[in-house]
Amino acid sequence: MQEITRDTLISRAKELLASGEVDRVYGWKRGEFCYDVTPALFTDAESLEKDFEWGDFCGANLSKYLVEETRKSEGKILVFMKPCDTYSFNQLLTEHRFDREKVYVIGTPCAGMLDPKRIRDHAESFTSVVSDENGVTVSTLFDGDVKLDRSEVMPDRCLNCKSKKHVAYDELFGEDGGTIASGRFDEVEKIEKMTPDERFEFWRGELSRCIRCNACRDVCPACTCEKCVFDNPNSGVENKAAENSFEEQMFHIIRAFHVAGRCTDCGECSRVCPQQIPLHLLNRKFIKDIDGFYGEYQAGAEVGSRAPLVDYTTEDIEPSDAVKGGDENA
Amino acid sequence: MADMKEPLIPAIGEVVDIRMDTPDIKTFRVVTPDGKKAFDHRPGQCAMLSVPGVGEGMFSITSSPTNTEYMEFSIKKCGCVTEWLHSMEVGQQITIRGPYGNPFPVDDEFAGKNMLFIAGGVGLAPLRSVINYCRHYRDRYGRIDIVYGSRSKDDLLDYQEIINEWAVDEDVHVHLTIDREQEGWDGHVGFVPNYVKELGFDTENRIAVLCGPPIMIKFTLAGLCELGFEKTQMYTTLELRMKCGIGKCGRCNVGSKYVCKDGPVFRFDQLDELPDEY
Amino acid sequence: MRKITLDRLDEFFAAVAGKLKLYIPVDTAGGAQFQQWRAGAKMSDALNTTRSAKDFFFPQTENLMEFKTEGKKIEIIDVRRENEDFAIFGVRACDVRSFDVLDRAFLSEPADTYYQNRREHGVIFSLACSKPAETCFCGTFGIDPANPKGDIVCYKTDDAIYMEAKTEKGANLMDSVSDIVAEDEGGDGESAVNAQKEIISERMKKLPLASLSTDKFGGDKTAKFFDDPAWKSLSESCLGCGTCTFVCPTCQCYDIKDFNAGNGIKRFRCWDSCMYSEFTKMSAGQPRLTQLERFRQRFMHKLVYYPANNDGMFSCVGCGRCLSKCPIQMNIVKVMKNLGEGGENNG
């Protein structure tokens, strides 16, 4: 089997640019260090060769950028997608957020990303990371090399990866995988088992760190409203820190409700949170409940699927059965 | 005088008179609860008015500093705060703080000059204070010309004052225009920039002061340049979103200037130094 | 110079906390954060806190005043609470410099009295950085982490903390706890501190951003950089969130809003961000229409506009928070390196 490398992707991107099939490429760009990779647009071979990055730190999900980028011109955009990114891609198509014809998707394999925050927990002031099947070797400025297991420095979303399958692509590099029965609901179950008071305290503690930077919303592929209610000064719930912290908690809970049934569990919200609030757990609770009440449903698995919350069948659970008054797990 | 030692804490103001100027502009007369003027100001300066629970907004003080009894604000209805202000009745209290910003240099660069005021729509509001200041100290200035245009006759701000006071003053020349023909209007019809060119002012010893919508400013400025005006003899006042009024909240920052503190009055050559973000 | 051995640190904190409110960095699920000291609280070993120390003087939200309304009448109610002495332990050299940057904005006439009162009531224990991170570039702005400013400067070694009061405020506080932390007369203080400084200086030279320079920036560079083609690629993937501005120790933009709590009206101030689309939006128009303009504003302010008004001082202290926190890993270092290099694709 052909080994997929950065060069494989660059040469294919160059071919597609040269043939005129696409006129720009959304990919990842190298930074100052090994890990500060930025989503970026490339329009020529030279910049691809110089700056294109593909590796352990290309965690950013590029699907949301397509909403704006496809509006900018008639040309086609090449975009690289990891398996989880393709679920967001499909979900955006389901919601008619961009024109599929304007995008050329290359699916890329993924062994799980690395999390700079977790690396820092083991290796301060690190400058390079080399990973292979034996693990991860981190070079530091002042403490020499540190050897780690990959699982020690992967983010939760990759440790609990739900699928190695690309659900959308025009061209696939590497062999496709399948969906994975991961332990992604384990943490949710732990929280469900708490008493209402414990649960309230847990979330109050986590959400009290929120600085209302809106990074979670702004990165979220399910948050593509043209005008967010939290950006509307006349809404009374405008986007800044609130005078009382209860509003902060409401912000996240309202957002979780708003993306319920549409969230693909890509985990970008938790990746970008500067305060390391496990926001994805709110969304996973909804996913778990929806699965339980209506049968398994994965947002973005298919284009055009009707999410249980916007669909009606006579078999649907009665709301009174779904939420019982005084139910501890409600 | 508002307490500038506590710049964010306002004083209480009471609205003692409300005048419906145009269908969407009202002029409010404000004094302190004991009936005095809230603070002294210079022509072109602004004040922060607020309706507690609704919000604060920066408004130019339209009455002249020579009026020592009260302040007036001509306010167009175009947002939360202004809508609330428009719904007020006489006797309502609001809050007021200021004065903010740099005034027009009425006692320096303007002294001894022929004055040309050009305004469009609610843009007359900031100029009213300086026009009345010049009229008050009439002998300090040369000829005064006022070119003022609006959408219709009904949209002309301070119409009664213009007709009954300004137009009858000696050597004050008022040139009114409206955008479209209207029954009962026998004055000039046409846009301000064109009217200015038709009137054809000479540049000799003259200062021009412009205020109005950006599009009017743009074309009037071009027209005046054609007539030979230098940017150093033309002034305007800017409006940007403001919250603090004291050059700190960052909202009205344009280049190294803060419109609330370094403006709102700018000479056009000073504006050329700033990035085009206003 | 005074010395407290690490095994007695808790005793020292207790003594200071007996005089005024004391805040120290502690480890939390969200990284190190300043928290009020309580018996048993363990000081974080992290290089720096997730949020900067600006919160102490310019909190994310603060109630400025309240109003009572009755009929057409309004009453303004004083709710100020910022006149309380406090101390912050463990502020790094970069954050100490950020107070100078904020002072120039908030204390210039007319001074912001809420900020001013907090500044007057706060005592700063700065702490030299024994192990800077790869994201650090305070040296670019002339900051020396081996010699931080502050009311009391501290050096932490393997077994002790050495402290030296640098201001009257600092000396008074140290005098008040001298029974716990005595003068290190004839002790090893000076040599231990010098050895620390030596290590820090050596480590600073090894930092990957050590050579980053401000030479091309300054107050007279608006025309040079405003229309730089690099802004397009630098800003193209910016999400428009406020993370960089909120973790930044020098970002100072704020909003003032009213909140009707049902039982009275509060007027509060909260951090705002020039990165937000609503920041400059007016009923009548929007001077910064796209994210490019908003992104540009933030960096032009730090590298050009602020220095123009403040004797060439830059509004960045090289703390590196934006480098590690930006969701898309765009930051001031990339901006500084790519501006003025000619060409869009360098972004």
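# Three chains, question by question

Colleague: What is the mean pLDDT of chain B, and what share of its residues reach 70 or more?

Modeller: Here pLDDT is the predictor's confidence in each residue, from 0 to 100. Chain B has a mean of 91, and the share of its residues at 70 or more is 99%.

Colleague: What kind of model is this?

Modeller: Residues are numbered from 1 along each chain as its sequence is written, while chains are lettered from A and ligands numbered from 1 in the order in which they are written. Local features need pLDDT of at least 70, side-chain atom pairs count only at pLDDT 80 or more, and totals for chains, interfaces and linings use all residues, since this is a predicted model.

Colleague: Which elements of chain B have the lowest and the highest mean pLDDT?

Modeller: Elements are DSSP runs numbered from the N terminus: helices are H or I with at least four residues, strands are E with at least two. The lowest mean in chain B, 87, belongs to helix α3 (residues 159-166) of chain B. The highest, 95, belongs to strand β2 (residues 25-31) of chain B.

Colleague: Why call chain C as compact as a globular protein of its length?

Modeller: Chain C holds 11 helices and 11 strands. Its 347 residues would give 20 Å by the globule rule (2.2 Å times the number of residues to the power 0.38, with the radius of gyration taken over C-alpha atoms). Chain C is close to that value, so it is as compact as a globular protein of that length; its radius of gyration is 22 Å.

Colleague: How many of the residues of chain C count as buried, as a percentage?

Modeller: A residue is buried if 20 or more other C-beta atoms lie within 10 Å of its own, exposed if 12 or fewer, and partly exposed in between, with C-beta atoms placed from the backbone. The C-alpha trace of chain C spans about 65 × 65 × 40 Å along its principal axes. Of its 347 residues, the buried share is 52%.

Colleague: Where do the buried residues of α1(C) pack?

Modeller: Helix α1 (residues 9-17) of chain C buries Phe12(C), Phe13(C), Val16(C) and Ala17(C). Their directions from the helix axis to the C-beta atoms fall within an arc of 130 degrees, so they line one face of the helix. An α-helix has 3.6 residues a turn, so residues three or four places apart point the same way. In α1(C), the buried residues pack against β1 (2-5), β2 (21-28) and β6 (86-91) of chain C.

Colleague: Which element gives the largest share of the side of domain 1 of chain C that touches domain 2 of chain C?

Modeller: An automatic or database domain assignment supplies the bounds, and chain C has domain 1 (2-206) and domain 2 (222-346). Counting a contact when C-beta atoms, placed from the backbone, lie within 7 Å, 34 residues of domain 1 of chain C meet 27 of domain 2 of chain C. The largest share, nine residues, comes from β4(C).

Colleague: How far apart are the centres of domain 1 and domain 3 of chain A?

Modeller: Chain A splits into domain 1 (6-113 + 161-172), domain 2 (114-154) and domain 3 (186-322). Taken over C-alpha atoms, the centres of domain 1 and domain 3 of chain A are separated by 26 Å.

Colleague: Which helix gives the largest share of the side of domain 1 of chain A that touches domain 3 of chain A?

Modeller: The contact takes 16 residues from domain 1 of chain A and 16 from domain 3 of chain A. On the domain 1 side, the largest share is eight residues, from helix α4 (residues 83-94) of chain A.

Colleague: What is the radius of gyration of chain A?

Modeller: Chain A has 13 helices and nine strands. Its C-alpha atoms fill a box of roughly 60 × 50 × 45 Å along the principal axes. A compact globule of 330 residues would have a radius of gyration near 20 Å; chain A agrees, with 21 Å.

Colleague: Which strand gives the largest share of the side of chain A that touches chain C?

Modeller: The contact takes 36 residues from chain A and 44 from chain C. At least two residues each come from β2 (38-42), β6 (126-132) and α9 (215-219) of chain A. The largest share, four residues, comes from β2(A).

Colleague: How many nonpolar residues are on the side of chain C that touches chain B?

Modeller: In this contact, 38 residues of chain C meet 33 of chain B. Ala, Val, Leu, Ile, Met, Phe, Trp, Tyr, Cys and Pro count as nonpolar, Asp, Glu, Lys and Arg as charged, and the others, Gly among them, as polar. The chain C side has 10 polar and eight charged residues, and its nonpolar count is 20.

Technical notes:
Contact = placed C-beta atoms within 7 Å.
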